[in-house]
Structures are given as structure tokens and as C-alpha cells.
Amino acid sequence: MTTPDLSPGFLHATRTSYDTMAPAYADFARGELAAKPLERALLSTFAELAAAGGGGLPVADVGCGTGRVTGHLHGLGRGLDVFGIDLSPQMVAVARQEHPGLRFEVGSMLALDLPDASLGGLLAWYSTIHVPDEELPRAFAEFHRVLAPGGYVQLGFQVGDEPLRMTEAWGLEVSLVFHRRQPERVAGLLREAGLEVVSRVWRDRETDGPFPERAPQGFVLARRPVVSGGCDDGDISATD
């Protein structure tokens, strides 16, 4: 893949921050999925739907970080051809080291270096959280472009109305903004991008255990419609 365009200023700050903390983040998050059964269930559902509706096309984990979720999807045994894309070269380097059998590339969700309709599924698991509101429609338009008709997109994000700004993590200097959003707003933007919303899940924050959270969590699943005779295929209807 080509080097991503970092012209929107937030991309440079996000990439630099994750480059700085890649090893520390990998150590911290390594066991997170094992502690979150609901998230594992949602990922399993996404994998099953992408395998069934994606026509055998690859699945991209966009904003894959250290590849832990990419590896999880691959390990579900559904035959998915899963690969990861991340803005941070250092996060990609860690992902390649920890998951040597999988493919990881550097790239930006605002300009994916992928052909039109080339994916059977796209996962954006806590990666749109760093995209400002004004750039989110651009990202969702890219998701629509690269998904094949019938392909699925699964998002995970923090729920809220105000962003969180972080300047330090594990004793390291960073500059990150975490944009918290309501599931209804995310679903509306996905619809505006031409995607059908299949489900919305809201989970209260966890305050106990090894991975306490500052905010509730949201998950939205959507699908690129299958066009038949000029109309969207209605074999799966939105639940909201």
C-alpha cells in the first residue's frame, strides 16, 4: 500500500502517538478480548455474516493496531481471508511480529488503497474514535466504496457527547482525541453513506476487572445493500 496522506492534521498526531506507545499498548491490550464475552459474540456474528454475505472476498480490519482483533477473527475458523490496515507503522510492525501468518499494511481509512467493491467485510473496532465529526462521512463513504454489495461493516466505539483528550499514556507523551458518539448518530451517518443499518448495541461501562472503562460502549453493524433491478435487496432488514 502507498504511504497515507496525512494532510488532515489529526492523522499526523494520531499516527505519531500510536507509533510512540505501540509496544506498551500491545502489552496492555493483549488479554482484553478474553475478558469481554459480549464483544467476542459481536465479532463472531460479524465474521459469520461476512463469510455468508461477502462472496468469499477478504475482510479488512481497518485501524487494526497491533492485530489482536485481526488475529481473533482469523482464529474463529470461518475461512475468512482477514488482513489489517493501520495508520501507525509501529503498530503495524508489532502486528506483523505477533501475527506472522497474517497480512498487515499501513494506510488511512480516509483513503483506502483498495479497489471498489473488493471487501466482503470491514471491521472498524475502536478506530473511528479518532476521526473528527467533519471527517467521519468521508470515512464512511470509503467503507461503502470498498465493500461489495452484501458485505458487512462492524463498528465499535465509546458512547458519549463530549470528546476525551489524552496527552499522556504509560508515561509517554501523546496527543489523542477520543470522539465519543451516540449509536443513533453513527447509524444515521452510515445510512447517509448508503449503508443499511442491521443492529445497534449499547453496553454500560465496566468499572471492575482488568480493563475499566470511562464511558459506555456502542456497536453498530451495517451492510452495503445488494442492488437488484434498481432496488436494494430486502432479505435483511434493519432492526432499528
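Tyrosine 126 lies in the loop between β4 and α5, where helices (H or I, at least four residues) and strands (E, at least two) are DSSP runs numbered from the N terminus. Its phi is near 60°, a positive value in a residue other than glycine. For background, most residues other than glycine have a negative phi. Alanine 117 also has a positive phi, of about 55°, although it is not a glycine. Alanine 117 sits in the loop between β3 (103–106) and β4 (119–125). With a relative accessible area of 31%, alanine 117 is partly exposed; buried means under 20% relative accessible area, exposed over 50%, and partly exposed in between (1.4 Å probe, protein chains only).

A word on the model itself: it is predicted, so local features need pLDDT of at least 70 and side-chain atom pairs count only at pLDDT 80 or more, while totals for chains, interfaces and linings use all residues. Residues are numbered from 1 along each chain as its sequence is written, and side-chain values use heavy atoms, with hydrogens and water left out.

Now to the helix packing. Axes here are lines fitted to C-alpha atoms, for helices over the stretch in contact, and angles run from 0 to 180 degrees between N-to-C directions.

| Helices | Axis separation | Angle |
|---|---|---|
| α2 (residues 37–53) and α3 (residues 68–75) | within 10 Å | roughly 60° |
| α5 (residues 136–146) and α6 (residues 183–192) | 9 Å | about 55° |

Helices α2 and α3 are therefore oblique to each other, and α5 and α6 are oblique to each other too. On this scale, angles under 35 degrees count as roughly parallel, over 145 as roughly antiparallel, 65 to 115 as roughly perpendicular and the rest as oblique.

Which residues in α2 meet α3? Arg40, Leu43, Phe46 and Ala47 in α2 meet Val69, His72 and Leu73 in α3, contact meaning heavy atoms within 4.5 Å. By class, this contact of α2 with α3 has five nonpolar, one polar and one charged residues. Ala, Val, Leu, Ile, Met, Phe, Trp, Tyr, Cys and Pro count as nonpolar, Asp, Glu, Lys and Arg as charged, and the others, Gly among them, as polar.

On the α5 side, Leu136, Pro137 and Phe140 meet Val186, Leu189 and Leu190 in α6. The residues of this contact divide into six nonpolar, no polar and no charged.

Threonine 70 is found in helix α3. Is threonine 70 buried or exposed? Threonine 70 is buried, with a relative accessible area of 0%. Not counting residues up to four places away in sequence, threonine 70 touches Asp61, Cys64, Val82, Phe83, Gly84, Leu102 and Phe104.

Finally, the aromatic rings. The structure holds eight aromatic pairs; rings of Phe, Tyr and Trp (its six-membered ring) pair if their centres lie within 6.5 Å, and planes under 30 degrees apart count as stacked, over 60 as edge-to-face and the rest as tilted. One of the pairs, phenylalanine 28 with tryptophan 170, is tilted, at 5.4 Å centre to centre and 50° between the planes. This pair links distant parts of the chain, 142 residues apart: phenylalanine 28 is in helix α1 (residues 9–29), and tryptophan 170 is in the loop between β6 (164–169) and β7 (172–178). Phenylalanine 28 counts as partly exposed at 38% relative accessibility, and tryptophan 170 counts as partly exposed at 43%. Ring pairs link Tyr18, Tyr25, Phe28, Trp170 and Phe211 into a cluster.
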